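Good morning, everyone, and thank you for making time for this. Please have a look at the sequence and the model first, and then I will walk you through a few places in them.

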Amino acid sequence: MTKKKIAVIGSEICGLSSLKCCLDEDLKSVCFERTDDIGGLCRYQEYPEEGRVSIYKLVIINTSKEMMCFSDYIIPDHYLNFMHNSQVLEYFRMYAKNFNLLKYIQSKTTVYSVKKRPNFSSSGQWEVVTECEGKKKVNVFDGVVHCTGHHTNANLSLESFPGIEKFKGQYFHRQDYKNPEALAGKRVFIIVGNSGGDLAVEISYTAKQVFLSTRSGAWILIHVGDHGYPFDVVHFSQLKHLISKICGQALTNTF
């Protein structure tokens, strides 16, 4: 019987795990990666490539290693509970090397389109157009796994801030932030989110004053929970999930 051919697009956490799962099922698989390396979001670059998400240098992941690690490849004990982006990237590299995934990844290969073939109703196949080193190629696959993430395009939403065109200060999206030195001595206003909370702490060491804005309130939690365990290990248990299903969100929040 002919092996099914599967295309995986992107080689960050979802792409790597999807590729491994396909290979485990004895599927003929290939992963297309637009850049020259794996890691996606977790790969810091001072001067990022166009169309690729950019992180700031001091990013610490907001999920503990106990909650984020692959079930079949545990994160080393000596790694911090909440890892720096460089450690996350190194973990991805170890995972790919351990399961021999790198030989199935085609780097510097851009996926231009994914379309159903004319006979899709009978074949279930997809036509995938790729380009590598200036050469386009049409590939046919029985399945496509899309793992490119959703953080690539910055959403600045300037239309939500009437009068912004008269503002004489500097404004920018988190993706354009690299280090706190550029904001030294300034009064900074941050619209809160996971990244906003990170930046508020980091910028506060150099800025004159930092303000956090939230539209409808926010939970601000420290990384360490009861008895020194990571907060997500303590708070996101099956018991508390069951309580929230039974009691509803309002009562659960009170608890």
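Predicted model: local features only at pLDDT ≥ 70, side-chain atom pairs only at ≥ 80, totals over all residues.

Let me begin with a term: a residue is called buried when its relative accessible area is under 20%, exposed when that area is over 50%, and partly exposed in between, using a 1.4 Å probe and protein chains only. By that rule Arg-43 counts as buried, because its relative accessibility is 7%.

Residues are numbered from 1 along each chain as its sequence is written, and side-chain values use heavy atoms, with hydrogens and water left out.

Now the overall picture. Helices (H or I, at least four residues) and strands (E, at least two) are DSSP runs, numbered from the N terminus, and the chain has eight helices and nine strands. Its C-alpha atoms fill a box of roughly 65 × 50 × 40 Å along the principal axes, and of the 255 residues in the chain, 31% are buried. If we take contact to mean heavy atoms within 4.5 Å, then among the contacts in the chain with a separation of 6 or more, 46% are between residues 24 or more positions apart.

Let us turn to charged pairs. A salt bridge here is a side-chain nitrogen of Lys or Arg within 4 Å of a carboxyl oxygen of Asp or Glu, and how many does a search of the whole structure find? The search finds five salt bridges.

One of them joins Lys-20 and Asp-72, whose closest N and O atoms are 2.8 Å apart. This pair links distant parts of the chain, since Lys-20 is in helix 1 and Asp-72 is in the loop between helix 2 and helix 3 (85-98), 52 residues apart. Lys-20 counts as buried because its relative accessibility is 9%, whereas Asp-72, at 38%, is partly exposed. Together with Asp-24, these two residues are linked in a network of salt bridges.

The side chain of Arg-43 meets that of Asp-36 in a salt bridge, at 3.9 Å from N to O, and Asp-36 is partly exposed because its relative accessible area is 48%. A polar atom of the Arg-43 side chain also lies 3.5 Å from the backbone oxygen of Asp-37.

The side chain of Asp-37, in turn, meets that of Arg-93 in a salt bridge of 2.9 Å, N to O. Here too distant parts of the chain are linked, with Asp-37 in the loop between strand 2 and helix 2, and Arg-93 in helix 3, 56 residues apart.

Glu-131 sits in strand 5 (residues 126-132), and a polar contact of 2.6 Å joins its side chain to that of Tyr-112. A polar contact is a pair of N or O atoms within 3.5 Å; within protein, one must be able to donate a hydrogen and the other to accept it, and residues adjacent in sequence count only if both atoms are side-chain atoms.

Lys-108 is among the residues that Glu-131 contacts beyond four places in sequence. Lys-108 lies in the loop between strand 3 (105-106) and strand 4 (109-116), and its phi is near 50 degrees, a positive value in a residue other than glycine. With a relative accessibility of 52%, Lys-108 counts as exposed.

To finish, a word on helix 7. This helix is hardly covered, for the count of buried residues among its 10 residues is zero, and just after helix 7, Gly-248 takes a positive phi of about 90 degrees.
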